Amino acid sequence: MDVSGSLSDERLTLQRSGHARAVASDAFLDAVASGFHGRVALAAIEWTDRERQSLVVPWSVVETGADARQFATALLRASRPIPGYTSISGGIDFAVALLDRAPYAAMRRVIDVSGNGPNNDGRLASEARDDAVAAGATVNGLPMLDVVSDLAGYFAQNVIGGPGAFMVVAQDAGSFERAILRKLVLEVAHVPGEGPRDPIFAGSPMRPGS
């Protein structure tokens, strides 16, 4: 999650609370239960510039409602971040290292990137994305269009990649939480891509180049 200086306190709170409520939702838990293993391992990272990434919630197995609520509570209670520049590449690199240290074996490794601006610190986001894909990860995105209107195109070209990569766009603050939920359910159900829009979701899934 992007916690750089371009996000207001309201947007920072919205980003955390949106992820927390999405993980604890019935829709997400239903998707987890219907998956191949019936459980997923999650960790939450907040990042700003190339030297500043924070593991705000360590690796946690989510299988039951109690697991999900514990993860959500830990995310909401984490210390407030210190703002800085926007290094998407630093966040992706940190996530790859975290995946390599994960205490679980997984069939799929997915990095979620949510943010409201392009990379402006550290190496190119596309270079970090390419290295993540080479390491066996899929990078999905959730661009928030409250600051940069063409951010979806930037994410499509520079951020998302790997098998089944997609993004869900949050057009404004009102659609952000629903966009998070849609994205997480699509990931866990492993059905990213075009298709009929479910009326409970906001935003639309996009693949690279779409």
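Author: In this predicted model, the buried residues of α2 are covered by elements that include α1 (9–23), β1 (40–47), β2 (53–62), α3 (65–77) and α7 (173–189).

Reader: Which residues of α2 are buried?

Author: Within α2, which spans residues 26–33, the buried ones are F28, L29, A31 and V32. They lie on the same side of the helix, because the arc they cover around the axis is only 155 degrees.

Reader: And what is exposed on the other side of α2?

Author: There you find D26, D30 and A33, which are exposed.

Reader: Switching topic, at what angle do α1 and α3 pack?

Author: The angle is about 175 degrees, and their axes are 8 Å apart. Since an angle over 145 degrees counts as roughly antiparallel, α1 is therefore roughly antiparallel to α3.

Reader: Which residues make that contact, and of what class are they?

Author: From α1 there are R16, S17, H19, A20 and V23, while α3 brings A68, F71, A72, L75 and L76. Sorted by class, the contact of α1 with α3 has seven nonpolar, two polar and one charged residues.

Reader: How do α1 and α7 pack, then?

Author: Their axes are 9 Å apart and the angle is about 35 degrees, with α1 passing α7 in a right-handed crossing. On the α1 side, R11, L14, Q15, G18, H19, R21, A22 and V23 take part, and they meet A173, F176, E177, I180, L181 and L184 of α7.

Reader: What is the class make-up there?

Author: The contact of α1 with α7 has eight nonpolar, three polar and three charged residues.

Conventions: Residues numbered from 1 in each chain as written. Predicted model: local features only at pLDDT ≥ 70, side-chain atom pairs only at ≥ 80, totals over all residues. Heavy atoms only, no water. Buried < 20%, exposed > 50% of the residue type's maximum accessible area, 1.4 Å probe, protein only. Helix = DSSP H or I, 4+ residues; strand = E, 2+ residues; numbered from the N terminus. Arc of directions from axis to C-beta. Contact = heavy atoms within 4.5 Å. Axes fitted to C-alpha atoms, helices over the stretch in contact; angles between N-to-C directions. Parallel < 35°, antiparallel > 145°, perpendicular 65-115°, else oblique. Nonpolar A, V, L, I, M, F, W, Y, C, P; charged D, E, K, R; others polar. Left-handed = near helix turned anticlockwise from the far one by under 90°.
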